[in-house]
Amino acid sequence: MQVGFSLQADLMASGSLLHTTTGRLLKALSDGGVDFYAVAAAIHLGKQIPIQTAHEKEVSSLLSARTGRAGYLAKALNIGWGHSDIAIELARTRAGTSALLTIGALATGATIYEATQAFAELLSLGGCPAEEMPNIDVLKTMVTYLAPFMADFGFRRVFQYVVTASRRRCSEAGCQSPIGLEAKGEATEWAKVVRQLVFTAQRIETLYLQVAQRGAWIAAYASHILGMAVQVLLDEVVLWESAGTAGAVCIQLAQSMGKKQSSIADNERFHIVVPPTTNQGQQAMTLDYAIGEALAAEISFDTRITPAIADSIERAIVRLCATMRSSLRMRLRNSPTSVDPNHRINGTFSNLDSDLGEQCAILGISPQNFETGISTRSQRVSAWTGTVVQTHGLQYLDLLEALQLYHICGSHGANSDRPVIIPHCLCCRIGGIIHGFGVTILALMQCIYDPSELRIQADVVNSSKLTPWTRIAISGGPKVEGFATAAQLFVHLSQLVHGLEALKESDILDFTGVDVLAVSIDNVSIYYRALLDSEAFDSKGRTMTIVSGRISHRGVLRRLVKEETDLPFDNLRNCPKGNSARMTDGFVVVPHYAKGPIEPAMEVTLGEDAFWIKCSLTSQDRSQSGDMRLSLCISHLLLTTITGPCSHKRNHGWSASKEFPINIVTLSGPRRQSLVQDNTAFAFALKDSTLEQLFQIGILGPRLCVIQGESCLKCAAQEYGIGNSLLDCIIMT
């Protein structure tokens, strides 16, 4: 369908758009680098695409309800959706809402560049002359800016349901899932189908399609955006269907003509979408899941997986997690030396099985399988096939279920000499699932997040895509060879939640003199809590957060937040000192907080590709300041000893004496070590202020202090000989 398109005339006629594009909205367009003509073109396209009436109110309410907040220390940074003005203004009209929904749909399962190409193709098919078409870079900036606002509106979820239901139905029918279900395709072909769907929906008619690319996406667009009744077929097998009121579409994925197809082939409402011809177009679209549905969805794809094998997969994931949690070691960055300090993934904080159980429960692992897996964590079988990653996963299965899997797989066992319907090796796939979910659980154990907001990428959790974290977290014996780094963790988490726009290994692993503090892409941000939150860590040693929203600075977005690591040594010496007071004999000290004359601060600088952070300890009158490294503080935190439980309550008193004097200290820069050992203990009054605790530990380092954990101060001092050695500081918590 072709419609008259005159961008200039539309702009002149759209008085309301020109009128609203003043003040705050004009500034938002400028800050985001979004071109006005690109937005106008999106609105004009939106006028041509009918949407369900309910979506108008839903989108407007969703965008208006979102908020942002300033960072706690980095006040110049905003986290959340404080840059929503453009999207909110678009959602005030039906055409703007339609444009937002289409942009969100185009960005699903594809790169931003691919989404932009498709958007430009739709503009062209909609009648936009080449001389009036905004160039691809201008459109890409707009799509990049607006697509994240629609990421969790529902299209991704519908697309995932179409794919998962269709794959499972194919398995039940004993056939292979057709390539056309998920192939990215070429926009020049499938954009024509979108135009035809729009035309059919407007006329409330029925359309028949024979599709060899993007079948699941076309079904989701017709159902979720246009409100059509949809049926997805493979020959006579119904893979997925939904009801609708704006016409209907029947999507046939089989490429050979059956009797039913032959009978309608002459119908004018029958259209063929040819197979993609490029390697890029033949690649599968990316798929993501709600985190609680991911494991069940991956297992459900193949109906040969029995309930017993499914339970064994869950237990195998638990065994892998329990093993790797105790053996995987981390350090700040890669180093040619093997003597650099290293720590467990959550440092010396809580190492309880219940902490692992909470994370496994979020992924849908049953309590019974968790308990069995934990109690048999040392159990192993000999893996029989697969890559290094896949064999690592397979060895954690139960013996009986491993034998069952071996015999039902089309590539092994009793039927190995017979032709198989499904050619891929089921054993390899299950090995990849066990390893992928296991190492992902270990990564997520270092983060705080809301499970209801998090969607994770299928190719990461099933090990189709390998990250540095995935490759290093392999145990060939009692411990892991090599060390994982914070940079590798950031890459894995980004690949897990950011899809095709995620960080790649080359983006940050080769940096010298730089540490990454946050990654903010699409609709999700991953950052160290100390950067933006009022708390830097919790009792489980979780120092990172994954949240919905973007990190922005005065409306400007960047993918990364970084800090320089090469700070002059004198900067730390220049840190101002806090207050210090020696307690009289018999004075009883309990955990408490005391406000001192200095405080942590963060300065933000806008760079071309990142926000740059400089941390410091600063006197209240700003007369003294010394630079700090946030990444080093976090490393020191995870290396520092935390005291275990004692027989007293945590607030049990600790008495000062002549033999063992106690100095109460507020947050302070480095102090000079006394050349004479006088048994003095320094107790830092930082209770409940995890940010100040973090910076203080960063200054002191793990060799000079311990963190009060579950014990009282007195028992902590006695257990670790505080004051009797180089270790003379305790951090009150």
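Visitor: Which residues of helix α9 (residues 136-146) are buried?
Guide: This is a predicted model, so local features need pLDDT of at least 70 and side-chain atom pairs pLDDT 80 or more, while totals for chains, interfaces and linings use all residues. Numbering runs from 1 along each chain as its sequence is written, and side-chain values use heavy atoms, with hydrogens and water left out. Helices here are DSSP runs (H or I, at least four residues), numbered from the N terminus. Taking buried as under 20% relative accessible area (1.4 Å probe, protein chains only), α9 gives Leu139, Met142, Val143, Tyr145 and Leu146.

Visitor: Within what arc do those buried residues of α9 fall?
Guide: Look down the helix axis, taking directions from there to the C-beta atoms. The buried residues line one face of α9, because their arc is 165 degrees.

Visitor: Which residues have the most contacts inside the largest nonpolar core?
Guide: A nonpolar core joins buried Ala, Val, Leu, Ile, Met, Phe, Trp, Tyr and Cys residues through side-chain atoms within 4.5 Å. The largest has 211 residues, and the ones with the most contacts inside are Met142 and Trp217.

Visitor: How many Å separate the C-alpha atoms of leucine 694 and alanine 530?
Guide: Leucine 694 sits in helix α29 (residues 690-700) and is buried, at 1% relative accessible area. Beyond four places in sequence, its contacts (heavy atoms within 4.5 Å) include Ala530, Phe537 and Leu630. Leucine 694 and alanine 530 are 164 residues apart along the chain, yet their C-alpha separation is 8.3 Å.

Key:
Buried < 20%, exposed > 50% of the residue type's maximum accessible area, 1.4 Å probe, protein only. Helix = DSSP H or I, 4+ residues; strand = E, 2+ residues; numbered from the N terminus.
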